[in-house]
Amino acid sequence: MATSIGFYLSAVIAAGIIFIGCRFLLAPSSAATADGVPAGAEPHSRAYLSAKGIRDIASGLFAAMLIAFGSAHALGWFMLIASIIPLSDAVIVLHQGGSRTVAFGGTAVAILIISGLLLID
């Protein structure tokens, strides 16, 4: 049961992170603002936001691949390691004076719980 819940929640996270990545590619300024640290429209800013978008899409696709193969332990370890991303993002947002609400949105906690559900077997 815990594994099934872990797979379902992982799929939600994967879809969400792919959506966020696409938003960084298609509407970088508004995506950056929603992520907690507004960015300018300069070409060098857009390059970093595009890189973040690609990183997010790839992360979501890695999770989707592990879900498709039904590998609970591999998915659990991936989610555990991937929790470094939202934890680091939160630190960066706070360090740059961004919104505490955005920084502590709960993504990292959700991913840690999901990894626990998947690794508990």
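I took buried as under 20% relative accessible area, exposed as over 50% and partly exposed as in between (1.4 Å probe, protein chains only). The model is predicted: local features need pLDDT of at least 70, side-chain atom pairs count only at pLDDT 80 or more, and totals for chains, interfaces and linings use all residues. Residues are numbered from 1 along each chain as its sequence is written, and side-chain values use heavy atoms, without hydrogens and water.

Helix 7. I looked up which residues are buried in helix 7. They are Ala 108, Ile 111, Ile 114, Ser 115 and Leu 118. Helices are DSSP runs (H or I, at least four residues), numbered from the N terminus. I then checked the cover over the buried residues of helix 7, which includes helix 1 (2-26), helix 4 (72-82) and helix 5 (84-95).

Core. I found Ile 111, Ile 114 and Leu 118 again in the largest nonpolar core, which has ten residues. Such a core is a set of buried Ala, Val, Leu, Ile, Met, Phe, Trp, Tyr and Cys residues joined through side-chain atoms within 4.5 Å.

Asp 56. I located Asp 56 in helix 3 (residues 43-69). Asp 56 counts as buried because its relative accessibility is 2%. Leaving aside neighbours within four places in sequence, I list Ile 17, Ile 18, Ile 20, Gly 21 and Phe 24 as its contacts (heavy atoms within 4.5 Å).

Key
Helices (H or I, at least four residues) and strands (E, at least two) are DSSP runs, numbered from the N terminus.
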